[in-house]
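Thanks for making time this morning. I have one structure to walk through, and I will keep it brisk.

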Amino acid sequence: MYQFKELKDADMVVEIFKTNVQKESDRDYVVTMMQKQFPECKINFDLEDCDKILRIEGVDLQYDNVVSHVAGLGYTCVRLE
């Protein structure tokens with residue numbers, strides 16, 4: 001018999017970031033690299049938004065890790081509260 005951990009809404013974290021990602025090719029690169037670093041997270045961009053929004057959803061997500069990783073890829077990333 002398999003046991004699965006039941007995730008509660010409180011376990012899921014959603015963080016929103018303002019970025020300077022402009023092009024679809026840059027977005028695709030950042031998403032690919034972020035998926036490698038945070039494989040259990042859902043990651044997407046809204047490049048139509050003036051803030052070029054990065055949205056990431058996951059369990060035990062630390063926003064400073066996201067900011068550091070995106071900065072390491074050469075882009076600015078600021079958490080929106």
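**Cysteines, fold and salt bridges**

Let me start with a cysteine. C77 counts as buried, at 9% relative accessibility. C50 is exposed, with a relative accessible area of 70%. How many disulfides does a search of the whole structure find? It finds 0. Keep in mind that this is a predicted model.

Now the overall layout. The protein chain has 2 helices and 4 strands. From the N terminus on, the order is β-α-β-β-α-β. The chain has 81 residues, and 31% of them count as buried. Take the contacts with a separation of 6 or more: residues 24 or more positions apart account for 63% of them. The chain exposes about 5,900 Å², and carbon and sulfur atoms supply 47% of that area.

Next, the charged pairs. The structure holds 4 salt bridges. I will go through some of them.

Take E15 and R79. Their side chains meet in a salt bridge at 2.8 Å, N to O. Because E15 lies in strand β1, residues 12–19, and R79 in strand β4, residues 77–80, this pair ties together parts that are 64 residues apart in sequence. Is E15 buried or exposed? E15 is buried, with a relative accessible area of 8%. R79 counts as partly exposed, at 28%.

Then K18 and D51. Here the salt bridge is 3.8 Å, N to O. K18 is in strand β1 and D51 is in the loop between β2 and β3, so the pair ties together parts that are 33 residues apart in sequence. Both ends have some accessibility: K18 counts as partly exposed at 40%, and D51 counts as partly exposed at 22%.

Now R55 and E57. Their side chains meet in a salt bridge at 3.2 Å, N to O. R55 counts as partly exposed, at 29% relative accessibility. E57 is buried, with a relative accessible area of 16%, because the cut-off for buried is under 20%.

Stay with E57 for a moment. Its place is in strand β3. What does E57 touch, not counting residues up to four places away in sequence? The list is M12, V13, V14, E40, C41 and K42.

Last stop, the surface. V59 lies in strand β3, which covers residues 53–59. V59 counts as partly exposed, at 32% relative accessibility. Together, M12, V14 and V59 make a nonpolar surface patch of about 200 Å².

Terms used: Residues are numbered from 1 along each chain as its sequence is written. This is a predicted model: local features need pLDDT of at least 70, side-chain atom pairs count only at pLDDT 80 or more; totals for chains, interfaces and linings use all residues. Side-chain values use heavy atoms; hydrogens and water are left out. Patches are made of residues with over 30% relative accessible area and no salt bridge: like charges are joined within 9 Å, nonpolar side chains (Val, Leu, Ile, Met, Phe, Trp, Tyr) within 5 Å. Accessible areas come from the Shrake-Rupley method with a 1.4 Å probe; for residues, only the protein chains shown count as cover. Buried means under 20% relative accessible area, exposed over 50%, partly exposed in between (1.4 Å probe, protein chains only). Contact means heavy atoms within 4.5 Å. A disulfide is a pair of cysteine sulfur atoms within 2.5 Å.
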